[in-house]
Amino acid sequence: MKFIHYLEKTSGVDIYGLVSLGIFVLFFAIMLTWVFRADKKKMKEISRIPLN
Amino acid sequence: MQVEKFYYDNKIVKAFSYATVIFAVVGMLAGLWVAIQFYAPAASLNLAATTFGRLRPVHTNAIIFAFVGNCIFTGVYYSLQRLCKARMFSDKLSWIHFWGWQAIIAAAAITLLMGYTTGKEYAELEWPIDIAITLVWVVFGINMFGTILKRREKHLYVAIWFYIATWVTVAMLHIVNSLEIPVSIFKSYSWYAGVQDALVQWWYGHNAVAFFLTTPILGLMYYFLPKAANRPVYSYRLSIIHFWALIFIYIWAGPHHLLYTSLPDWAQSLGTVFSIMLIAPSWGGMLNGLFTLRGAWDKVREDPVLKFMVVAVTCYGMATFEGPLLSLKSVNAISHFTDWTIAHVHIGGLGWNGFMAFAMLYYLIPRMWGTNLYSKKLATNHFWMGTIGIILYAVPLYWAGFTQSIMWKSFTPEGQLKFQFLETVTNIIPMYITRSVGGALYLTGALLMAYNLYKTIRQGKFIANEEAEAAPLLKEIKPGKEYWHRILERKPVAMLVLSLIVVAIGGLLELVPTFLVKSNIPTIASVKPYTPLELQGRDIYVREGCYTCHSQMIRPFRDEVARYGEYSKAGEFVYDHPFQWGSKRTGPDLAREGGKYPDSWHYNHMYDPRSMSPGSIMPQYVWLLDNKLDTSSTAAKIRAMKTLGVPYPEGYDAIANHDLMRQADSIAGNLKKDKIETAGNVEIVALIAYLQRIGRDIKAETPPTPKGESGSVSLNQKSKQ
């Protein structure tokens, strides 16, 4: 017997790869857009919380 | 606006900080003890409780859950109150949490020394303790969220996100990996078997490092580093990216612990890819920490707290750079199963976790006692002893790992393996000695700290309730268009849910296909369930922690196939609850041990390993020769295995002991032929039965037909046969 072709034998497994890639790209795209659109002054204020 | 007056609870912080110091010393002592056993096997004292296989889990569990665990709680209880400008939600819950956690530690130490273990690394504790951990963790969660909800500070500072992500992910990991079926009060079998068990275990194991040893400590870094340097973190933006990228990517990287094993290739590749990506957020975080000190490096020269933090953050950077490198298959082929891994984790453990804990204690204790540190000089000495200790610990082990791996893989020009396994071990003994010197130095430094802190406490006066004031949070005026993350920062529950979704995605996408593949995993017709005696023997193998030194996973390399035999196949492990692939080869691999030596060899070898292989560093297992085998558990074990899908015939549990005794007597008969007189019902006989079974089934396989399919049947079909 051969121990190969695991994935080919599982029906519909390709959807996992596609979904993973999609989630990955979306996740970072959304996070980075939001982070860089952030208000600089507010950021500075929050970063001082431990010192207050 | 009316300012409210309230008090921070320092008493609970004090309790956790004492526990941190005590368990630092206890955990390190256990570590030093096992380190000495590498070159002085007699240090096992020939007692079951103090042999390497039982003491090593005590060391790892004590360091991770007792030392670092208490350190996390110290830091969280101190910083969360101040970041939220509120006292902890409930003093009662705080103390239930404290005493509950210490009780779990005590129970863990006792049960591990007695040999009650699930046999899964860093999750060795048996099911009643697993349940207790879950309950205490929930208490901690309620207390933490209660505090966050009654806070007087609008925004959740980045450290709190790290605490939230830690809480939710550890809960998820602990529950999923601890699914097991109880056989008795202190014995259970993992719900999963073989490949699936391995994947779940290392998904857990890797993320225990990520979400117990990393994210909470990063939270502490984001609080205590700006505090100690008296300046805000270098880039708050970077900390947001650090957080989300880290928790999103980390959860996928587990399979890098299983490269070249029988785990499906796609899962291995996924682990590698995400591990490489981890460099980015990890280094982002490290640089964020170090850059916070820009323009303040003169303070580092003066302040021991900052000294410890700089080395801690640097070690974090080194370990998180090395980790991805070790996840490359070509590097892993050399490093895996060697001391390289041990060196790697100790850069993280001693450098990152240890030094962050020390820095935090040196910062907290003088402040909570309203005094200055007793001696800066002692603390600086501690710093240097610790730093040199880390180097003396890690460098010899890197050397040992690399040397041994190269020796394993060496062939003579005639094509024979150049070295016996034992030669590769005796060759690196000097490195083991140096490593223990490094560890001892590090431990001495910690004792110095304990003394310094004790003197500090003696000269100060404890402030049990620290006064503070802040304005209460006003009811939200309907916000206009607002930046999303700030909305999130004000909604801790949304933060919790989002963190859970982010970490669950990785887990699901990785675990589910492997479980779907189950129906397709090429099960091997000749692989049969263990006989009752072998099953009992396997449980003894798990109990004695054999997996801490012996792997059962032959990787498809020329040298491993030449040394051990045919490489391991996924289908061979379908009845292994739990899997016992191991992660370190202090001794040789045992995946094809069955039939290699006569029964009498194993008997003598267990009695005194050096009588069979001179120079061996394996401990003696003398008690196995006398201990009566507990056959009263056989029926329950067979029933549990049947529940898990192991195809024993109906009603087999009732007659299992009959088969067990027949096989035991036959082994006793074999031993007698070699002039060894023993009863059949002793533990050694069961262990021999198991050792002689490992890896043999596949050899009985029928030759493949041209289509290559008839040699295998699916698990379902097989159970019907």
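Reply: Two strands pair if DSSP finds at least two bridges between them. Strands (E, at least two residues) and helices (H or I, at least four) are DSSP runs, numbered from the N terminus. The model is predicted: local features need pLDDT of at least 70, side-chain atom pairs count only at pLDDT 80 or more, and totals for chains, interfaces and linings use all residues. Residues are numbered from 1 along each chain as its sequence is written, while chains are lettered from A and ligands numbered from 1 in the order in which they are written.

Start with the hairpin in chain B. It is formed by β2(B) and β3(B), with 2 residues between them. β2(B) covers residues 180-184 and β3(B) covers residues 187-190; they pair in the antiparallel sense over 4 bridges. Which residue of β3(B) stands opposite B:S184? It is B:K187. Further along, B:I181 has B:Y189 of β3(B) opposite it.

Next comes helix α26(B), residues 683-693, which is mostly covered, with 11 of its 11 residues buried (20 or more other C-beta atoms within 10 Å; exposed is 12 or fewer, partly exposed in between; C-beta atoms are placed from the backbone). Among these buried residues are B:E683, B:Y690 and B:R693. They pack against three helices of chain B: α20 (532-543), α22 (599-607) and α25 (652-673). After α26(B) comes B:G695, with a positive phi near 75°.

One of those neighbours can be followed in detail. The axes of α25(B) and α26(B) come within 10 Å and cross at roughly 90° (axes are lines fitted to C-alpha atoms over the stretch in contact, and angles run from 0 to 180 degrees between N-to-C directions). That angle makes α25(B) roughly perpendicular to α26(B) (65 to 115 degrees; under 35 is roughly parallel, over 145 roughly antiparallel, the rest oblique). On the α25(B) side the contact is made by B:Q663, B:A664, B:I667 and B:A668, and on the α26(B) side by B:V685, B:I688 and B:A689 (contact: C-beta atoms, placed from the backbone, within 7 Å). By class, this contact has 6 nonpolar, 1 polar and no charged residues (Ala, Val, Leu, Ile, Met, Phe, Trp, Tyr, Cys and Pro are nonpolar; Asp, Glu, Lys and Arg charged; the others, Gly among them, polar).

Another helix pair in chain B is α1(B), residues 11-37, and α14(B), residues 339-368; they pack at an angle of about 140°, with axes 11 Å apart. That makes α1(B) oblique to α14(B). Residues in this contact include B:V13, B:K14 and B:V21 of α1(B), and B:L361, B:I365 and B:M368 of α14(B). The contact of α1(B) with α14(B) has 8 nonpolar, 2 polar and 1 charged residues.

Last, the loops. Most residues other than glycine have a negative phi, and most peptide bonds are trans. B:F337, in the loop between α13 (329-335) and α14 of chain B, has a positive phi near 70°. B:F337 is buried, with 22 other C-beta atoms within 10 Å. B:Y122 also has a positive phi, near 65°, and lies in the loop between α3 (91-114) and α4 (127-149) of chain B. B:Y122 is partly exposed, with 18 other C-beta atoms within 10 Å. A cis peptide bond, with omega about -5°, joins B:H577 and B:P578. B:P578 is in the loop between α21 (558-564) and α22 of chain B.

Conventions. Contact = placed C-beta atoms within 7 Å.
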